[in-house]
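Dear colleague,

Please find below the structure that I am handing over to you. My notes on the strands and helices follow it.

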Amino acid sequence: MKHVLTIAGSDSGGGAGIQADLKTFSALGVYGMSVITAITAQNTLGVQAVEDVSPALVEAQLTSIFSDIRVDAVKIGMVSNQETIHVIAQQLKHCRVPIILDPVMVAKGGHDLLQTYAKQALMEELLPLATLVTPNIPEIERMIGYPVQSIEEMQQATIELSKQRVDSVLLKGGHLEGQQATDLLYTQGQHHFFEQERLDRLHTHGTGCTLSAAIAARLALGDSLTDS
């Protein structure tokens, strides 16, 4: 059985974060492991409180796993402060497995999940380690510094982000309006479009976590990036 590690925050409501990742790993038939970076109080209405796990304890969790258990892929979610990002980067810089970075910055309810000064650390230390980064449109706007309002601008944004030494970018287009929901993968200098009719659903909390966890699991199982 393949082993996949998620490094992310805990969601007390069970819909996102560590809880969503582990459910996804189980559904796809891989063994899930976790390093918890933060404890959140949240439910379907939003995030009420966040408390970071100390960088020392994050490091201890990582050391414990890597010293004993084989890791076949890594998914990184909520990492809210600079010190924690540095610890994770140091632990993963010699890791030769697929690393999926989901740059969780703002909860759907508007709660800021990435401290302002930590954005630069994420860009400089974690992006270069990532096999794939999976931002949504508000996240990539923060990362590149300008708005994205069309499919053409999505294409340009993925190219721009790839210049930050990241191998591949999957830009999720759910924040655009229209009947079609379009995600855009930019890898090896080419764009791949994933289009589907937009579903009218209220319960979208945790969809980004689930997607990035599923991609990590499929890569661990040996699928190509595009198929994953």
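The model is predicted, so local features need pLDDT of at least 70 and side-chain atom pairs count only at pLDDT 80 or more, while totals for chains, interfaces and linings use all residues. Residues are numbered from 1 along each chain as its sequence is written, and side-chain values use heavy atoms, with hydrogens and water left out.

Strands

Strand E1 (residues 3-11) and strand E2 (residues 31-43) pair in the parallel sense over nine bridges; strands count as paired if DSSP finds at least two bridges between them. Helices (H or I, at least four residues) and strands (E, at least two) are DSSP runs, numbered from the N terminus. E1 is mostly covered, with nine of its nine residues buried, that is, under 20% relative accessible area with a 1.4 Å probe, protein chains only.

Strands E8 (residues 180-187) and E9 (residues 190-197) run antiparallel and are joined by eight bridges. Leu 184 has Phe 193 in E9 as its bridge partner. The two strands, E8 and E9, form a hairpin with two residues between them, and Gln 188 in the turn has a positive phi of about 50 degrees.

Helices

Helix H1 (residues 17-27) packs with helix H7 (residues 207-220) at an angle of about 40 degrees, their axes 9 Å apart. Axes are lines fitted to C-alpha atoms, for helices over the stretch in contact, and angles run from 0 to 180 degrees between N-to-C directions. H1 and H7 are therefore oblique to each other, a term for angles that are not under 35 degrees (roughly parallel), over 145 (roughly antiparallel) or 65 to 115 (roughly perpendicular). In H1, Gly 17, Ala 20, Asp 21, Thr 24 and Phe 25 meet Cys 209, Thr 210, Ala 213, Ala 214 and Ala 217 in H7, where contact means heavy atoms within 4.5 Å.

H5 and H6 pack at an angle of about 50 degrees, with 10 Å between their axes. That makes H5 oblique to H6. Ile 137, Ile 140, Met 143 and Ile 144 in H5 meet residues of H6, including Met 154 and Leu 161.

Finally, helix H4 (residues 118-126) has Ala 118, Ala 121, Leu 122, Met 123 and Leu 126 as its buried residues. The buried residues of H4 pack against strands E4 (73-76) and E5 (99-101), and against helices H3 (82-92), H5 (137-144) and H6 (151-162).

With kind regards

Technical notes. Buried means under 20% relative accessible area, exposed over 50%, partly exposed in between (1.4 Å probe, protein chains only).
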